[in-house]
Every structure is written in C-alpha cells, then in structure tokens.
Number of protein chains: 2
Amino acid sequence: MSQSTIKSFDPVSGKHLDNAFQINTLDDLESKIESAQWAYLVYRNTSGEERATFLETIADEIESDLTEIVATATLETGLPAARIQGETGRTVGQLRLFASITREGSWVEGSIDTALPNRQPLPRVDIRKYLIPIGPVGIFGAANFPLAFSTAGGDTASALAAGNPVVVKANNSHLGTHDLICKAIARAIENCNLPEGVFGAIVDSGFELGRALVQHPGIKAVGFTGSYSGGRALFDLVSQRKDPIPFYGEMGSINPIVLFDSAIANASTSKQLINAIILGVGQFCTNPGLLLAIDSEAIAAFCNQLAIEATAALGGVMLHQGIYESYQKATTALGKGVEMSVLGEGTKGEGAFGVSSYILKTTGEAFLSNSQLSQEVFGPYSLLVICKDEEELATLMMELEGQLTISFMGTEAELEAADHLIAIAQEKAGRVIFNGVPTGVEVCHAMVHGGPFPATTQPNSTSVGAEAIKRFSRPVCFQNAPQSILPLALQDENPLNIFRKINGTLTKQRL
Amino acid sequence: MSQSTIKSFDPVSGKHLDNAFQINTLDDLESKIESAQWAYLVYRNTSGEERATFLETIADEIESDLTEIVATATLETGLPAARIQGETGRTVGQLRLFASITREGSWVEGSIDTALPNRQPLPRVDIRKYLIPIGPVGIFGAANFPLAFSTAGGDTASALAAGNPVVVKANNSHLGTHDLICKAIARAIENCNLPEGVFGAIVDSGFELGRALVQHPGIKAVGFTGSYSGGRALFDLVSQRKDPIPFYGEMGSINPIVLFDSAIANASTSKQLINAIILGVGQFCTNPGLLLAIDSEAIAAFCNQLAIEATAALGGVMLHQGIYESYQKATTALGKGVEMSVLGEGTKGEGAFGVSSYILKTTGEAFLSNSQLSQEVFGPYSLLVICKDEEELATLMMELEGQLTISFMGTEAELEAADHLIAIAQEKAGRVIFNGVPTGVEVCHAMVHGGPFPATTQPNSTSVGAEAIKRFSRPVCFQNAPQSILPLALQDENPLNIFRKINGTLTKQRL
C-alpha cells in the first residue's frame, strides 16, 4: 500500500515539517473535475460584479491569514519574511486588479455589426460577438512563487475572473502554504454563495495526477509555470489529446542584458546586476542569466568590479531538493570542457540546501560554438559573454531562443544607435527593458510576461497582467439573435456601460 | 526521375486541363522561406498605411484579372460562374477590410501604464505594450474556396495585414486559379516596392513540401483550412517541433440546426434547409449536416415535405477526385448496419464527379449509440435526428464535438424557453445562429468562424473577420523606454491617433 500523506520540507533545516497532507487519488481527481464541471454551469453565468466580489473576498481572506501564511511560506521556502510579505501583497493586488477588470466589464470585447437589410448583392444579418469563459481550467503552481504564481496566483485569478472553475495541482514545495490558501478560497466561496466546485485542488507525491489532469476531457485549458522539462512533458500530453486544448506554459528564460559602453563604465552597474542575480537566490524566471558586452578597454575594469561584487555576494538556500541538486550539478561542472572562467563565487548560504552564487565569463565565439552555454541554470548564476564586436553580438542575439525579457543598458544615444539589436530583441522576447533589470514583473494592464518558445508555449499571450484573462476565454458570436436572447454585454441599450465595437468603432454608446 | 510539372483538373469533363505548373522541390521551399525571412526585416516595419495600400493593390490586381480568374476557377472547380464571382468579391472585400483595419491602426491594442515613481513599497516604471507581427506564416489553401480561403484568402490577408510575409502551399484542385492570384500579388508587390519575399508559393504533387513547411524553423505560425485528417496530421507535426508554434487549423463541422415546433410547422423550412444543404454541392465547412427536432404530431408532415424537397434537389459536381470518392463511399454505405433511412435522394449531377444529395433520418437513440453518425460527410448530405423529448435533445447536444456553428429555428418564445440549449450551443460552437442557416459567413468585425476542437485547433480565435489578424501577431512590451525608441503606436503624442489603454482606460487622447 502506498503512502497516503505527505509532509512539507524546510530547506534550511533539511527536515520535514511537522505536518501531513492527504495525497489524492485518481478518484479524487475525477470527483474534483466533475464538481468543477457542475460548478461551471452556475459560475459561467455570474456577473462581472459577482466575480469581482468573489476575487476581492479571496484577497480579504488571504490577508486575514497573513501572519500564518507568511510564517508557513517562509519555513517552506527558506525565503525571507519580507519577500513573502511582498509576494502576498502582489497576490492580493493581482486578485483585486482582476476584480476591477470584471467589474468594469469591457474585457469581453463586445463587438456588434448591425444588419444591412438592403445591402447588395446580399443583405447582412446582425452579428454580435463577445468573450465567454473557456471551461474548467487545470493549473500547476510554481515552486519559486509560493503565492503569486501558485494556488491563488495569476493563473487562478485570471481563470476565475474569466468565469472558469479551476482545479489546482499543488506544488509540493509549499504544501502548507497551499493548504492555507485553499482554506481562504473555500471561505470566500462560502461567503459568496458559490458552488464548492468553483475551486478544487489536488496533492500528489509524483506525476500521475498532473498527467491525468491535463488529459481529462473535462479540462478545457491549462496554465503552467515551472521548468522546461515539466512544461514540455505536459504540453506533449495535451497535444496528443483526442481534443487538444490551449496549454499556457511559462517555462523560463535566461533574460539577456546587453551592456553598452556607458553601462560598462558606470561604477554602479556591477552592484545592480549582482543584486538582481542573487535576488530570491536567483530563483526567478526573470533572473538575468546572460550578460552581453562588446570588448573594449573598459571591460577589464568592469570585470574586476563585477568579480569583487560577485565574491562579496551572500548565498542563500534553494527552494527544494530538486532545484538544489540541479544547481549543484550545473555549477560543479562549470568551466569543464568549455572555455569559460569563474569571475566570482559568493559566500555559501547556510542551511541544508545552501548554495553560493556564481558569475562566469566567456567569449562570444565560445558561446556561439557551445549551445550548452545558453541553457538556463536556475539559481544565482549569470554568464558574462564578451563579444569581439557588434556584429558578433548581433549574431549571438539572433541565435537566442525565445526569452521572457531582454534588457539594454546604455545612454539614449547608444540605444538609438542599436535599433537593429532592439528589433532583434522584440522578435525574441515578450518584454524589452531599458536601463533596468528584468527581475520584478509589474502586475498592470500593459505587462507582457511571455515570449516565443521555450519561454512560453503560446507566444501570443501573457501570464501576468490584465491581458492574462484572455487566455481562459474564447469568442462566440450571435447571428440574428432577439434582444431577449442576447447577453447583457451585447444588448442594444448597453446596460453594462462597457466599451464595444459598433461596426468596427469603439464606443460606450448604446445602439 | 519524378514528374516535374502537374496539370489541373476539370471535375465536369473528368480530364486534365491544358496547362502545366512546376512542381517545387525542397530546395525551392528553402529558398522561398529564406526570402520570406529577409523580406520580414523590411515588411514588419511598414506602416499601417503602407500595408493598407498593399492589400488594396492586391485587391485591384485581382479585379483587373477578374474575367480570367472566374473562367479558370469555374473550370477547375465545377462551381457556377456566379458563385466564383461572388467569392472573388468576398476575397477582395476581405483584403479591403484588413486594409481599413491597418490604416485605422487601433488593432495593435496599444496599452500604456505610466510610471509611479512615488509608489510604496516600490516605484512603478513606465510599461507600454502593443502587438507586433509574429514572423513568416505558412498557409494552406482550401479546396472548397478557390479564392476566399486560398492563395489570397482570409489567412493570407490577415497575415499580411499583421506585417508577416507568407508562404502558401497551393491547393492542387485549383492550380490555375492559384497561379493567376500569385501573379496578381506579385504585381502588387512590385507596384508597392516591397521585397519579393513578402509572398511566396509552392506547388507539390504530394505532402512532402507541406510537411516541411510547417516544420521549418523560419516559419512562426501556420494557417490551415481543410479536412480533419490533413489538419490533424499537420497539427501533430507542429506540436512535435523543437519550438512548437501557433497552428490555426479550421477543419470543419457538422453545423447542427435545432428545429423547434414552429419551424417544423412552417411550410418554407424544408426548402430553406435543402437549399443550404445543396449550396456549393454541400462543400462548405458550414454545411448543415445535422438537423435536430423533437418528436411531435407535426413531424411526419415535415418529413414528407423534406423528402419532396430532397428528391427534387439538383445534384452537382464535386471539387476533386478525393472529395468525390469520399462522398461516394460514405453515401454508398448509408443505412447499412445502422438504424437510419433515406428520406430523399436528389437528382445526380452531370459530369465526371457528379453526385446526388441525400437526406437521411434517424432517432436520437440511434444517434447517441453510434458515434459514426456524428462524423462529417463532406458534400450535399444531412441527417435529420428525431429526439423523443427535450431531455434527449439536450443530451445529444452535450455529446457533440466542437462545431463552427449551431443554429436554432423557432419563435422568440420558443428560443427563450430553450435557454439551456442555447447555453450548450455556446460551449460547443463559435457562432450561434437564430432563424437562419449556417452557410454564408459574413466578413465583418464581430464574426467568429471558429470553435472548440475539432472545428478548429485554437478555440480562442476566428479565421474570418477582423479579429483574424490577432492570430498572426503577438504582444511585446517596452519597459522604461525613451520616446525615441518607442514605436509610433506607443509614443506620448499618439501620432497615429489610435485607441490605446492608458492606465487601463481606452482613449484616443495623448499622454
């Protein structure tokens, strides 16, 4: 008989915590999905105001447990309490952003083409379109964001906002945090008189339930944040379904930063970079893992400064054993068989999964001839590549795989002169940053946290910000429908007072 | 040595036409894609006005060859000249719709979140997002629409409008038409001084080049209209790429029509249905292949009337041998081993690929117990299913696969009483039609020609209408960018005078 409960883990002490969470079975999964399907019949018809209240209630319930959530997540991740507090703030802010979006209502992209009964050679009938929910969504929480990209994170918030029940596969690196968030959501469901199946969660000790979740005919879309190997495996299963569904996988990136001469010459650049590289023990999908510069007289001094900062950098504790072991394996092999040297190794973090940061250095030529160097090393690691000239830098950028971000640091004149590199960056990444570091993803209307494969599996989407709601909706149009059949969003009077396109022109006016 | 040219075919005479088209090689394909990649570097930077002029020039050039195009397409498809004329009108109308969209410019969905330097605990930097082209697009033309869904059809028009070069795999059932359209586009490219590689086309006698096209790393998205088997095979190849890309396949549908009592009692219903079923010899992805009704006293009279109309229906000539043989095979097997009866068989069309229309009848019980009955029979065929009660009808609708359309015919009171069926229809289809037939897809802003798998491979998209442009674009955001680096669409002054979201609110005002 297999084990029926699982404990979460403290990466500092290296020991299991004194808790126990039920491991679910395939039958449990089946019943959660069935419950989500029933809940969908009610939840898809809730108004924007009702969904807003629900999302805000989840936020309130999370805040009411803030002390316990912060204490638990800190223990389970080894991350400092201030970081967890900040991330909780971001999580509730995200829920409230989506609440404001569903309350305002224009996100459904209503569009009305009026009938043209006298058009020649054929009349045109009345056609009206808007976005509806896509159906129950399966969501996989991330190890590195126990709150903002997990149980009540961006995927859950945007899927619920769009009108879909969700079934979350818990991330085992923070089961206690997950459990507290599940309870907060359950209270919000009860307070808002919604069907229980609007939110379901499962815990597994392996991969079986996650695989079954994405293959289940009742699941209509999937949101995933995690590793390339995990994301690709689930993407492949979804693609092989009898009825493939949208799979939104955000799988990481090495987030190149291009440093122009002025940035190389600026004494504060090294510190800014190192701080970004070691933030959260480097466990960000936006961690800058690649620094690009062109060789010049000033490079040697910059390397020295970077080495000093790198050596002074404090290490930390990795989130869980798997990430810790991968990082140890990657950094132990550093410089073996490939032309690169260690610029600086920081102090080792204290604790069972303690690690130190590494900054490496290589040439553009070596980078171009060894594809291994462009692979993500998840953790406080970055590789400085010194290109012999601008042409080599451009070639290197053209060879990059899809990225979440590409950054440029330089004066306005340097940026203007590099318009071809900025053009390449737009082809390769979802976010192009000027004179800043990629860590820190603002939750706002204009954010794009996405990019071409392998950064994500859907280059035309974002997993952070207002537009994330679009992932879990689909358009439907009504042809020649009586007013009494039309949803409020598409009725002549515009009772929701939302922006709609009328014969192609955006307006809030009634018809 | 393999054959180096191919002739097109006249489905009426059953003979090859007196022409010859070069069969391309893998090397040709490679060079077309390389040419598209180079062209992309220029074409992606064209203004909305330049793209509008280009699309309008293509439309003008097609119209200037109208006589020859109509004569050729009529010969190659066996469709009447009036239909081809209408379809050409639709094709140029579609190009001009996308021209109006790129000229107006708001389709890029500009969004600006202004900096909040004093925000606590952290300042917010300026973030601006808009849609950019996705990269060279591979397109597969459809057999059943030699113009509107082929070489210069909706996929090509929307991909070009979004700023992408295209490489079209010609549909072999209308190579002469394809060739004329290619020449019209080539003239437009020359007139507009665009790089030749903005449009490329390949002809193959088999599947090799189509497979290579969707697997090529230089192709960043695919548009496909055709059969389920072809679409699924290409979808699988795309999913298995090292870097999967968006695949927009529109693969057909049986387009159920639900007939309420008033429609059953209406003497004109049968004729309206039969006309829709035999239109274009039934070769529409929106052909109504399934008629659903609830048993009542009036059903017998309706069946009699439908049988009379069905028997009087004129047959026609199928587009090509493959479609002809599939239809013959499906209709020869009719009623064998399954509980269904032939209500009416029409007159056989004259010509090599001549066929007659068939209307079949069965019960809800038989339909539910035999999944074969819900498979599309491409051609002038429809199956009337008489359900014993509303519950059986609802069950049957819940069991349906994804559809392009579902229609309802009835009085407003009947429709209002059927709100649960209309809710099911929205889950299953991209377009819900009231008191009309599904054939006829309006090219407008609010159109949704899409739906859940297997109707399409991307339920959150449409292949017809203004929103089709979104398929071939992706969002990118700029963080903290100087004005001089920003595209016109995102500059403070709003020089393009487009709608943008500023801190979430739609406006045309400058910042």
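**Figure 1. Strand β20 of chain A pairs with a strand of chain B.** Three bridges link β20(A) to strand β21 (residues 473–479) of chain B, and the two strands run parallel. Arg431(A) stands opposite Cys477(B) in β21(B). Helices (H or I, at least four residues) and strands (E, at least two) are DSSP runs, numbered from the N terminus, and two strands pair if DSSP finds at least two bridges between them. The model is a predicted one, in which local features need pLDDT of at least 70 and side-chain atom pairs count only at pLDDT 80 or more, while totals for chains, interfaces and linings use all residues. Residues are numbered from 1 along each chain as its sequence is written, and chains are lettered from A and ligands numbered from 1 in the order in which they are written.

**Figure 2. The side of chain A that touches chain B.** In this predicted model, 60 residues of chain A are in contact with 59 residues of chain B; a contact requires that the C-beta atoms of two residues, placed from the backbone, lie within 7 Å. At least two residues of this side come from each of β5 (110–113), β6 (127–133), α15 (412–417), α16 (419–428), β20 (429–434) and β21 (473–479) of chain A. The most is given by β21(A), with seven residues. By class, this side of chain A holds 30 nonpolar, 18 polar and 12 charged residues. Here Ala, Val, Leu, Ile, Met, Phe, Trp, Tyr, Cys and Pro count as nonpolar, Asp, Glu, Lys and Arg as charged, and the others, Gly among them, as polar.

**Figure 3. The rotation that relates chain A to chain B.** Chain A is superposed on chain B by a rotation of 180° with 0.0 Å of shift along its axis (RMSD 0.0 Å). This is therefore the relation of a two-fold axis. The superposition is by least squares on the C-alpha atoms of residues with pLDDT of at least 70 in both copies. Among the residues of chain A, Ser239(A) comes closest to the rotation axis, at 3.2 Å (C-alpha). The same surface serves both copies, as 98% of the contact residues of chain A recur in chain B.

**Figure 4. Helices α3 and α6 of chain B.** The axes of helix α3 (residues 66–77) and helix α6 (residues 175–191) of chain B come within 8 Å and cross at roughly 155°. Axes are lines fitted to C-alpha atoms, for helices over the stretch in contact, and angles run from 0 to 180 degrees between N-to-C directions. The two helices, α3(B) and α6(B), are therefore roughly antiparallel to each other, a term for angles over 145 degrees. The crossing of α3(B) and α6(B) is left-handed, meaning that the near helix is turned anticlockwise from the far one by less than a right angle. From α3(B), Glu68(B), Ile69(B), Thr72(B), Ala73(B) and Glu76(B) meet Gly176(B), Thr177(B) and Leu180(B) of α6(B). This contact of α3(B) with α6(B) comprises three nonpolar, three polar and two charged residues.

Figure 5. Five strands of chain B form an open sheet in the order β9-β8-β7-β10-β11, with parallel pairing. Its edge strands, β9 (199–202) and β11 (247–250) of chain B, each pair on one side only. Neighbouring strands of the sheet are turned by 15° against each other on average, direction ignored. Strand β7 (residues 137–140) and strand β10 (residues 221–225) of chain B run parallel and are joined by four bridges. Gly138(B) stands opposite Val222(B) in β10(B). Helix α8 (residues 228–239) of chain B packs on the sheet, where it touches β10 and β11 of chain B, and its direction makes about 170° with that of β11(B).

How values were computed. Parallel < 35°, antiparallel > 145°, perpendicular 65-115°, else oblique.
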